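Biologist: Hi, could you walk me through this model? I'd like to start with the fold and then look at some helix packing.
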Amino acid sequence: MKFNKKTAMLVSFTLGTLLVATTALADIASKSGYDQLKDALKVTAQQCSEKFDSYTMDLSIEVKDNGKTLESSDSTQKYDRSKPASENINSGSGNQNNGAKQYSYSDKTSMISWQDNDPTYYVSEYTNPEERQAGFFSNPFKESSADDFEKIADAVVGSLKDQVVVTENSDGSLGLAGSLTEVQIPALVNAVVSLQLKQQFNGNRKDMPHLTKDVFVKEVKGTAKVNKDGVMESILGTAVLSGKDEQGTVHEVSVEALATLSEINSTTVTKPDLTGKKVVENITNENPSSEMSNPEKFMGKFKNDILIEKDNKFVKVGERFVEITQIDNKTAAGRYYEVYKPGFEEYATAQRDFKFAAKKSEQQGNPIYDITTESMNTGKGIIYFDQNGGKINFNINPLSNGGLQFDSNFSPDLD
Amino acid sequence: MEKIIEIKNLTKLYGNGRGIKDINLDIFQGDIFGFLGPNGAGKTTAMKIMTGLIRPECGDVTIFGHSVTEEYELAMEKVGCLIETAESYSYLSAFDNLKQLARYYPDVDHKRIDEVLELTGMIKYKHEKPKKFSLGMKQRLGLAAAVLSRPKVVILDEPLNGLDVEGMIAIRKLIQHLAEQEQTTFFISSHLIHDVELTCTRIGVIYDGKMLNVESTPNILKNYATLENYFVSEVERNGRVSSCAS
Amino acid sequence: MAVFQAALVNEIEKLYKKKKALVAVLLALAVIVIGQLAIVGVRSGFGLRGAGSVEFPMLVLSVVVNTILPLFTALVAIDSFSGEFSQNSMRITLTRPVSRFKIFTAKITAIALFILAMLFLLLFFSMLAGFIFNTNSATWVSVFQTVFSYIVSLLPMLVLALGVVLLANTFKNGISVFFVAILLFIGLKVLGVLFSQYSSLFMTTQLDWYNLFLINSFPLGKIIRQFLIMLGSCIMLFTAGFYLFDKKEF
């Protein structure tokens with residue numbers, strides 16, 4: 001009996017341990033639908049950024065109120081990683097752009113955008129192809145903070161992980177589906193999300209219902225298709241928000257989002273033919289590069305006015321000129337001189353006229369050149385070529401010490 | 001005579017070297033066995049093993065032929081006991097405390113609870129909680145709990161602890177009454193030698209964890225004037241022996 | 001069996017006569033009242049629905065299952081073991097003709113019944129409050145789901161209780177048991193967040209396992225795995241706890 005009791009305890013303890021251990025192993029080995037979804041996203045992002053030569057991504061969003069479409073938008077992006085080039089088509093109804101389609105094309109050196117209802121093509125030229133490429137499509141899971149975000153997401157999803165159901169098709173592709181109705185959505189999450197969304201429907205927009213009472217998330221649904229290579233081909237998400245407006249009418253606002261990935265390796269991106277089109281060329285200002293695109297445009301004269309204060313008035317006494325005679329991405333050369341108006345020669349005592357040479361400064365990011373002058377060995381200064389404003393900023397030490405206020409901004413002298 | 005309790009080779013040693021060593025003892029039906037010994041001799045240890053509170057290192061105790069370590073429920077079925085201090089749930093009334101215990105015995109009803117409360121003079125405090133009881137009152141409640149189930153064997157560790165003279169007399173009478181009327185066997189440890197002399201029919205002396213001698217009270221009183229003399233001589237003899245040996 | 005029944009009745013009586021059980025009940029009701037007030041506040045203040053009549057019990061469950069329910073389960077378990085060890089009142093039961101296995105099992109059963117009673121109490125009052133104060137959103141299915149969620153929450157609570165019992169039989173002092181239990185609880189919670197892929201193994205994540213039953217697709221495989229893990233933990237912890245309890249000297 002004594003022996004029996006000990007054996008029984010040993011057996012039951014071993015049994016319990018084995019039960020926990022084997023099931024735990026099985027549990028860790030079996031991937032929840034959520035994990036499969038995550039894997040599919042990772043594979044897709046990785047393939048899109050590294051493997052596929054070309055593909056088309058399409059994202060469409062539709063907002064409905066009690067079945068009536070309030071707003072819809074559709075955006076198609078075509079990527080060709082071999083060129084690399086991408087094309088983007090946006091269209092939307094409702095409040096956006098009066099339904100006009102917006103196009104944009106970008107490759108290493110240029111970005112072109114145009115609209116359906118506007119014949120003008122806006123062209124931006126880029127000078128630094130290497131930097132441009134980085135902004136293409138990068139894998140979000142490769143970001144340094146991605147791991148942390150993943151952990152946080154895992155924790156937030158928590159026990160809802162198993163809400164994602166996986167069905168395997170005969171051809172090896174997977175269907176993922178998940179749905180949460182009001183009971184299944186954690187009440188706290190529901191409250192926070194409802195509050196956020198309620199602010200979207202605060203009555204500021206005439207075409208949107210103004211929800212004031214009993215707002216709650218009614219349902220969240222999602223389906224996704226993963227092909228046999230583990231790449232997600234489409235993902236559809238629907239969320240339904242229910243609430244009452246001031247009159248007590250119940251509104252069920254649904255938001256549907258569909259993202260698809262298609263034409264893998266068969267997408268073609270073509271640069272629009274600009275011949276005979278109205279073209280507006282502008283310099284990119286979103287990505288200030290250290291190198292100027294075609295610096296030759298700065299060849300020529302730039303000037304500003306020499307002013308003095310006299311009888312409580314500003315009086316123009318002459319003009320300063322900066323003449324750029326040579327410029328490329330490394331060096332520049334030119335002449336600085338001042339011309340005074342007749343009758344104001346007395347101010348010209350400090351009249352200056354010198355040649356200078358300049359070299360691109362070490363400073364990264366801006367087209368700044370360090371000046372060395374021939375005649376005045378004390379002269380040290382900089383020129384900054386403002387590509388966006390089409391101006392130059394010429395600043396050299398002794399000049400700013402003159403009796404008159406020195407203005408370092410020079411505009412092109414186009415007369 | 002029927003052997004009620006049989007203690008065989010009972011050994012249990014604590015880390016500090018104290019405990020009991022190889023105790024053998026038989027208690028027969030109708031015995032009122034007095035378990036004598038100085039403080040720390042191992043009385044309580046032996047009694048805790050007998051009631052299953054402690055497991056022996058080796059040896060065993062059988063009560064009515066059932067081993068305490070292996071067939072605890074059967075062994076304890078007809079045993080009532082009071083070990084070390086009388087314990088009770090302070091948040092339950094005296095009656096409820098006994099009611100808890102009564103559930104383990106199918107033939108103990110509320111009438112019996114009143115009966116034992118009456119026997120131990122606790123009936124006045126039936127609905128009071130032991131929180132406010134004095135040591136003596138708790139002891140009486142403990143005794144009531146020990147005899148509640150009309151046990152055939154009662155094991156009492158210092159039953160007279162904290163009792164007044166009146167209480168001592170009452171308890172002594174109770175023990176004698178039960179022994180005579182219901183043939184209850186008692187196993188009592190006490191340091192009150194006079195009391196043991198008056199109550200017990202057989203006496204065992206334990207010293208330093210070892211059983212020295214077991215003798216019936218009349219036999220002892222034949223050779224010694226009082227039990228106290230016997231006890232002192234027993235202990236001294238053994239003390240000398242052990243000191244010579246060491 | 002009669003002996004076990006007696007031991008069980010005794011344990012329940014002790015639990016019932018002690019003030020702790022009453023405090024637990026009052027606190028549970030307070031949670032419902034506070035929760036309901038919060039919902040009403042959210043509704044009138046922010047214009048959110050907060051929770052419908054069915055969601056309210058679920059909201060209450062999601063809160064108590066991670067807070068007061070483990071807390072009181074731990075307190076009751078500690079009281080039932082450490083409390084009686086320290087007052088020596090364990091001897092009262094131990095010297096009766098009842099084996100230690102039966103005493104141990106009776107105590108565990110009493111704790112389980114306490115948890116179940118708390119769950120039913122919370123279910124009843126939160127449903128009542130839900131129906132009286134909140135927008136009616138009940139369907140038969142959702143009511144059934146709610147009741148079921150409350151019932152299945154017993155199992156992870158039991159695992160937790162057995163864990164605390166094991167601790168109570170390991171450490172001498174009830175207070176140290178309590179603190180160790182709380183630290184372990186928090187530690188497991190943190191581990192569950194850090195290693196979420198293994199989170200189904202931690203008893204703190206298992207507290208939320210009722211969510212599995214709400215899933216439309218009913219992930220049977222996952223439910224069975226979780227159930228087996230908890231069952232295994234129960235057997236393990238029960239055996240280990242009993243081993244220590246059986247060896248204990250009083």
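Biologist: Among contacts in chain C between residues at least 6 apart in sequence, what percentage join residues at least 24 apart?
Modeller: That comes to 85%, with a contact meaning C-beta atoms, placed from the backbone, within 7 Å. Bear in mind that this is a predicted model, where local features need pLDDT of at least 70 and side-chain atom pairs pLDDT 80 or more, while totals for chains, interfaces and linings use all residues. Residues are numbered from 1 along each chain as its sequence is written, and chains are lettered from A and ligands numbered from 1 in the order written.
Biologist: Thanks! How many helices and strands does chain C have?
Modeller: Eleven helices and zero strands, taken as DSSP runs (H or I, at least four residues, for helices; E, at least two, for strands) numbered from the N terminus.
Biologist: And how much of chain C is buried?
Modeller: Of its 250 residues, 53% are buried, that is, with 20 or more other C-beta atoms within 10 Å of their own, C-beta atoms being placed from the backbone.
Biologist: New topic: how do H4(C) and H8(C) cross?
Modeller: Helix H4 (residues 68-86) and helix H8 (residues 154-170) of chain C have axes that come within 9 Å and cross at roughly 35°. Those axes are lines fitted to C-alpha atoms over the stretch in contact, with angles from 0 to 180 degrees between N-to-C directions.
Biologist: Which residues make that contact?
Modeller: Among them are Leu69(C), Ala77(C) and Phe81(C) of H4(C), and Leu160(C), Val164(C) and Ala168(C) of H8(C).
Biologist: Finally, what are the spans of chain C along its principal axes?
Modeller: The C-alpha trace spans about 60 × 40 × 35 Å.

Key. Contact = placed C-beta atoms within 7 Å. Buried ≥ 20, exposed ≤ 12 C-beta atoms within 10 Å, placed from the backbone.
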